[in-house]
Amino acid sequence: MKLETEEILIADLQSETNRDIAFRELISLYKERLYWHIRKIVLNHDDADDVLQNTFIKIFRNIKGFKGESKLYSWMYRIATNEAITFIHNKAKHNQVSSEKVQQIAINNLEADVYFEGDEIQLKLQKAIATLPQKQQLVFNMKYFDEHTYEQLSEILETSVGALKSSYHIAVKKITAYLTEN
Amino acid sequence: MNNKNNPIKNAGFTTPSSYFDGVEEHVLQLVKLEKNGAKALPFSIPNGYFETLEGHILAKLHPIKKEHKLISLIHTKAFKYVASIAAITILFVSIFADTTMSMFDFDAIEQSQISYYVEQGYIDVSDTELEILISEQALNNNLLGLDISKEELFEYLSNSLEYNTLSIEGYQP
């Protein structure tokens, strides 16, 4: 989105009169990108839908506090990431298991999921990603599937480019090892 | 490998141990995954999901409020009389009853109760007020009777200070 267009949209979102129209436009613009970002974290469609709706509600409620210190897109991605990770933590707390266990269960349920259309290699790749620590999963997914630049990732995840490169390298190494062994 | 064949100088940079040993394999593995279509996301969504999403979110933000007609259970005129009588009674009781109640005595408060009150942050003392309470002379000589060395102070601060966590601008979860 052009800087000027983004500034107008933010101004409308923060105004009382044009807020709802601008918010509808914001959802239309970002719903798919944020959905797929969340879906790769929580894996299941229903959970992704819950998290996406909560993300937009949080964006709506907090937009007045957005001062433009980062790009609107990065700010929303950060909220979506936080919401997805919080969702997994809450689910783990509710079921009295670890967050890793919640993700393991989600991976095991993929084969039976009507909204999973992957073949054997795609399922294996998802299983390999699930073995990574949370931060490495995020970096790998956003770099490999979404093809974000390291600079974009750095702004979204508030991590230095060097640390992200190292994190991605380690993630690829672990995934390679998993795929070779399995 | 000698420097003639390897003209790239490391300029002081290093890599993780055996980094270059696995590069080919990692890259080929990623290429293989792409060729096999693994890079395409294997997830799908229900038909028409994105078309109705805006409506669902906006409905959550602005739920339709049904107007309910309130039926008053209290007769307004009678209520005014009863309320006035009750208010006058309370006023009389508060002025004249229990005149023998003992006055507030500061000495009766225990030191521990005062300490607790201050520790809980119920007392709001400004920097200026603190400055008046504790004179510069007292600070220079001996802080409230405690002899604290620089090392002890540093150790205390190192152990008790917390790092601030990063937060999203203007965002409250």
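Two residues are in contact if their C-beta atoms, placed from the backbone, lie within 7 Å. The exercises below concern a predicted model.

**Exercise 1. Determine which residues join helices α6 and α9 of chain A, and how the two helices are arranged.**

Solution. 
Step 1. From α6(A), the residues Lys124(A), Ala128(A) and Ile129(A) take part; they meet Ile175(A), Tyr178(A) and Leu179(A) of α9(A).
Step 2. Sorted by class, this contact holds five nonpolar residues, no polar ones and one charged residue.
Step 3. Helix α6(A) covers residues 120-130 and helix α9(A) residues 161-181; they pack at an angle of about 130 degrees, and their axes are 9 Å apart.
Step 4. Angles from 65 to 115 degrees count as roughly perpendicular and those over 145 as roughly antiparallel. The helices α6(A) and α9(A) are therefore oblique to each other.
Step 5. The crossing of α6(A) and α9(A) is right-handed.

**Exercise 2. Describe the packing of helix α2 of chain A against helix α2 of chain B.**

Solution. 
Step 1. Two packed helices are described by the angle between their axes and the distance between the axes.
Step 2. For α2(A), residues 19-42, and α2(B), residues 49-61, the angle is about 135 degrees and the axes lie 10 Å apart.
Step 3. The pair α2(A) and α2(B) is therefore classed as oblique, and its crossing is right-handed.
Step 4. On the side of α2(A), the contact involves Arg24(A), Ile27(A), Ser28(A), Lys31(A) and Glu32(A). These meet Phe50(B), Leu53(B), Glu54(B), Ile57(B) and Leu58(B) in α2(B).
Step 5. The residues of this contact comprise five nonpolar, one polar and four charged.

**Exercise 3. Check whether the span of helix α4 of chain A agrees with its number of residues, and identify its buried residues.**

Solution. 
Step 1. Helix α4(A) runs over residues 72-95 and has 24 residues.
Step 2. A residue counts as buried if 20 or more other C-beta atoms lie within 10 Å of its own. Among those buried in α4(A) are Leu72(A), Trp75(A), Met76(A), Ile79(A), Glu83(A) and Phe87(A).
Step 3. After α4(A) comes Gln96(A), with a positive phi near 55 degrees.

**Exercise 4. State the secondary structure of chain B and its proportion of buried residues.**

Solution. 
Step 1. Chain B has seven helices and zero strands.
Step 2. Read from the N terminus, its elements follow the order α-α-α-α-α-α-α.
Step 3. Of the 173 residues in chain B, 3% are buried.

Note on methods. Residues are numbered from 1 along each chain as its sequence is written. Chains are lettered from A and ligands numbered from 1 in the order in which they are written. This is a predicted model: local features need pLDDT of at least 70, side-chain atom pairs count only at pLDDT 80 or more; totals for chains, interfaces and linings use all residues. Helices (H or I, at least four residues) and strands (E, at least two) are DSSP runs, numbered from the N terminus. A residue is buried if 20 or more other C-beta atoms lie within 10 Å of its own, exposed if 12 or fewer, and partly exposed in between; C-beta atoms are placed from the backbone. Axes are lines fitted to C-alpha atoms, for helices over the stretch in contact, and angles run from 0 to 180 degrees between N-to-C directions. Angles under 35 degrees count as roughly parallel, over 145 as roughly antiparallel, 65 to 115 as roughly perpendicular and the rest as oblique. A crossing is left-handed if the near helix is turned anticlockwise from the far one by less than a right angle, and right-handed if clockwise. Ala, Val, Leu, Ile, Met, Phe, Trp, Tyr, Cys and Pro count as nonpolar, Asp, Glu, Lys and Arg as charged, and the others, Gly among them, as polar. The expected span of a helix is 1.5 Å times one less than its number of residues.
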